Amino acid sequence: MIPDNLREHAVAAALDSFDPDALTGGKWDRGELTLEIAAAKIASVCGFLKYDQKFVRLSTVTAVDRYPGEPRFEVVYHLYSIERNEWLRLKCRLAGANPSIESVTSVWRGANWYEREVFDLFGIEFRNHPDLRRILMPEGWEGHPLRKDYPITGTRV
Amino acid sequence: MSESGVPSQSAAAVEEPKPQSGVRRMVLNMGPQHPSTHGVLRLLIELDGEIITSCQPDIGYLHTGIEKEFEVKNYQQAVTLTDRVDYLAPLSNNLCYVLAVEKLLGLEIPPQAQWMRVMLTELTRLNSHLVWLGTHAIDIGAMSVFLYCFREREEILRIFEMFSGQRMMTSYFRIGGLALEPPRGWQKRVKAFVDIFPSRVDEYENLLTANRIWIGRTQGVGHISLEDMLDLGITGPMLRAAGLKVDARKDRPYSSYEKFDFEVPTRTANDVFARYQVRIEEMRQSTRIIKQALEGMPSGPWKADAPHVVLPDREKMKTQMEALIYHFKIVTEGFRVPEGEVYQVIESPRGEIGYYVVSDGTTHPYRVHMRTPSFGNLQATPKIVEGILIADVIASLGSMDFVLGDTDR
């Protein structure tokens with residue numbers, strides 16, 4: 001279902017009619033539109049947004065750790081439509097235990113490195129990713145540095 | 001200039017039949033310390049004769065955990081981290097970060113500070129393009145261009161030093177305005193520079209644009225289709241060299257860019273030479289912007305009227321109790337930023353910088369993600385270099401203009 005105040009935004013309305021179950025919430029804040037998407041639907045939603053709504057560019061994929069809150073992780077996508085000159089933020093919430101979400105590399109190949117980065121630094125698994133391994137940290141590194149329970153200083157003994 | 005003998009890849013070269021499988025392939029490890037990678041990038045290249053059959057970039061050598069460090073700095077302190085991301089365009093990163101936080105705070109920035117920001121980020125663009133042009137030319141074998149470019153870059157760094165006390169890690173833009181009052185006599189210095197600079201760009205062009213070796217090494221090299229570019233997340237001058245007119249300064253103006261008159265140069269050839277032409281033209285357009293900023297610089301305050309965010313003047317701090325209290329609060333604790341999240345995008349010399357700042361209402365950012373142009377552009381390396389000659393890799397990589405600090409963060 002779609003919050004009533006978002007109906008005036010064409011993208012939100014179109015997405016709602018494309019798949020009423022996909023949209024779980026959203027907000028219009030400081031001139032930026034955020035849509036919350038059910039994690040299981042992310043790949044199909046992105047496909048719809050790219051090919052039907054002309055959001056041809058995926059700017060970035062990242063995550064936020066809400067530790068110790070639950071659902072712990074937010075995976076955040078920023079999309080840009082050149083034609084409409086519009087930005088859009090998608091957000092999926094994932095539980096803290098074995099976080100995993102469908103990869104959007106089938107929609108934008110450019111998601112590859114961004115998802116690898118999120119996997120590397122947050123430990124979120126992207127299903128059906130062609131090459132899911134660490135990208136910034138060395139291979140064989142233990143832990144995921146951008147998690148909130150990962151210490152900022154100190155060395156392992 | 002002995003490079004003239006190196007065969008350049010033309011459109012026809014791509015069509016050449018490749019040797020059948022079974023031929024011995026060589027794996028070449030280019031980097032991490034290869035001079036043309038300008039930093040530490042490792043490319044695992046598989047060769048069939050002189051033709052590249054596959055390429056795998058390996059990054060992360062300069063990863064310093066800047067995004068993690070944001071979380072233990074207060075908002076104002078974190079400005080210094082943004083310099084160190086892209087060390088050739090520190091002020092662009094300063095600007096993007098402070099704009100994001102100012103959006104969260106809902107701060108109104110006085111016109112003089114906004115114009116000053118525009119002027120200095122455009123000088124940053126020149127600075128970055130000059131380093132790019134010099135090193136790109138040196139990679140291809142034209143030594144002298146480098147010396148000329150660094151002569152002008154030196155003058156820009158002196159201007160930065162005049163403003164901020166620092167040549168490279170300026171941190172001159174702060175949340176709420178500028179770090180310091182613009183120095184006395186800056187107009188003279190900047191004017192002297194913009195007066196001479198267009199003729200200097202002509203000089204570079206004299207050395208390169210009609211140079212047969214330069215043309216031979218760059219024209220028709222490093223092609224990638226526009227669809228692939230958009231799909232792989234390439235931004236900036238590379239997109240514009242493929243004919244797509246996208247520029248955040250025009251599309252979604254920030255920091256009063258809408259008040260300036262400039263063109264967004266594009267080319268359609270979509271090769272190394274076109275990228276060179278686009279950047280040269282961008283240098284001329286940036287000079288135009290700087291000139292306009294210089295002539296129309298508004299007077300008035302250079303920091304916002306927001307006592308809970310901006311440090312009070314020294315004199316007020318010494319004489320007024322209230323100013324002293326604010327000073328103490330800001331220095332010891334920092335300032336609180338209302339809960340929320342913003343994604344601020346600006347046009348850096350290399351392409352699209354995006355700062356995603358999440359606030360939980362405290363004095364420290366909850367999460368800062370930097371979408372850096374080099375990371376996005378570098379991802380397309382395999383697509384660009386696969387199927388071309390090994391000699392053209394250097395030119396192709398150079399035309400992407402990445403900074404490894406920007407890639408690895």
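How many residues of chain A are in contact with chain B, and how many of chain B with chain A? In this predicted model, 27 residues of chain A are in contact with 29 residues of chain B. On the side of chain A that touches chain B, β3, β4, β5 (86-94) and α3 (111-122) each supply at least two residues. Strand β3(A) gives the largest share, six residues. Sorted by class, this side of chain A holds 14 nonpolar, seven polar and six charged residues.

Strand β3 of chain A covers residues 57-65 and is mostly covered, with nine of its nine residues buried. Its partner is strand β4 (residues 73-81) of chain A, and the two pair in the antiparallel sense over eight bridges. Within this pairing, A:A63 stands opposite A:V75 in β4(A).

In chain B, helix α6 runs over residues 143-164. The buried residues of α6(B) are B:V145, B:C149, B:E152, B:I156, B:I159, B:F160, B:F163 and B:S164. They lie on the same side of α6(B) because they cover an arc of only 120° around the axis. An α-helix has 3.6 residues a turn, so residues three or four places apart point the same way.

The buried residues of α6(B) pack against α5 (111-140) and α7 (186-208) of chain B. On the face turned away from the buried side, α6(B) carries the exposed residues B:M143, B:S144 and B:L147. Just after α6(B) comes B:G165, which takes a positive phi of about 85°.

Notes:
Residues numbered from 1 in each chain as written. Chains lettered and ligands numbered in written order. Predicted model: local features only at pLDDT ≥ 70, side-chain atom pairs only at ≥ 80, totals over all residues. Buried ≥ 20, exposed ≤ 12 C-beta atoms within 10 Å, placed from the backbone. Helix = DSSP H or I, 4+ residues; strand = E, 2+ residues; numbered from the N terminus. Pairing = 2+ DSSP bridges. Contact = placed C-beta atoms within 7 Å. Nonpolar A, V, L, I, M, F, W, Y, C, P; charged D, E, K, R; others polar. Expected span 1.5 Å × (residues − 1). Arc of directions from axis to C-beta.
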